[in-house]
Amino acid sequence: IASTSARLPESTPTLASLSSRYAPAVLATVRDGVGQAETLLASATATADTALAGTGPAADAIQSAERDATRATQALDAIDRLAAALAAASARLETLASDARDAVAEARAVRDAPPEPQTGAAVGAAIAGVEQVLAKLGSPAAVADPAGGIRALDDAMATLDTSLGSG
């Protein structure tokens with residue numbers, strides 16, 4: 001109980017930071033994590049105090065307190081895992097965006113001097129698709145749903161790759 005309680009002061013600003021940066025849907029699984037942990041820890045503490053006071057069945061109370069403390073720990077762990085996953089996804093999106101800009105620059109050469117006319121048109125359309133996704137993303141570091149950004153960019157890049165392979 002004490003070790004999980006000690007994590008609350010760290011988890012509260014972590015969740016606030018995530019909430020200010022990412023879309024609500026991205027945080028749906030942890031949105032209430034700190035409040036849930038606080039409630040569970042209060043219950044665990046009260047149940048443990050009851051067991052120590054000898055005012056009820058001690059074994060059952062201790063097991064109940066342990067369950068609540070474990071669930072509180074899991075709620076805080078979920079916040080930490082999501083924070084790490086979002087940071088990794090944001091970094092991956094930045095890398096993909098950089099790679100996409102490089103690929104678009106290379107694809108322009110094919111568009112401008114295509115091996116056959118239909119290839120130039122297909123590559124031009126695919127370049128426009130990638131550029132549209134990049135414009136929509138803006139700064140990859142500030143994207144509110146990095147996983148969604150990755151999916152959109154991956155799809156656009158797959159179309160570009162296909163158009164380049166058609167020549």
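Two residues are in contact when heavy atoms of theirs lie within 4.5 Å. Keep that cut-off in mind for what follows. The model is a predicted one.

Start with L153. Leaving out residues up to four places away in sequence, L153 touches L93, L96, A97, A100, V130, V133, L134 and L137. L153 is also among the residues with the most contacts inside the largest nonpolar core. The others named with L153 are V130, M157 and L160. This core has 21 residues. The most comes from α3, which gives eight residues.

Where does S11 sit? S11 belongs to helix α1, which covers residues 2-21. Is S11 buried or exposed? Its relative accessibility is 1%, so S11 counts as buried; the cut-off for buried is under 20%. Setting aside neighbours within four places in sequence, S11 is in contact with V34 and L76.

Now step back to the whole chain. The protein chain has five helices and zero strands. Read from the N terminus, its elements run α-α-α-α-α. How spread out is the chain compared with a compact globule? The radius of gyration is 25 Å, while the globule rule gives 15 Å for 167 residues. The value is well over the rule, so the chain is more spread out than a compact globule. The box tells of the dimensions: along the principal axes, the C-alpha atoms fill roughly 85 × 25 × 20 Å.

Burial and contacts come next. Of the 167 residues, 35% count as buried. Take the contacts between residues at least 6 apart in sequence. Of these, 75% join residues at least 24 apart.

The accessible surface of the protein chain comes to about 9000 Å². Carbon and sulfur atoms account for 57% of that area.

Note on methods: Residues are numbered from 1 along each chain as its sequence is written. This is a predicted model: local features need pLDDT of at least 70, side-chain atom pairs count only at pLDDT 80 or more; totals for chains, interfaces and linings use all residues. Side-chain values use heavy atoms; hydrogens and water are left out. Helices (H or I, at least four residues) and strands (E, at least two) are DSSP runs, numbered from the N terminus. Buried means under 20% relative accessible area, exposed over 50%, partly exposed in between (1.4 Å probe, protein chains only). A nonpolar core is a set of buried Ala, Val, Leu, Ile, Met, Phe, Trp, Tyr and Cys residues joined through side-chain atoms within 4.5 Å. The radius of gyration is taken over C-alpha atoms; the globule rule is 2.2 Å times the number of residues to the power 0.38. Accessible areas come from the Shrake-Rupley method with a 1.4 Å probe; for residues, only the protein chains shown count as cover.
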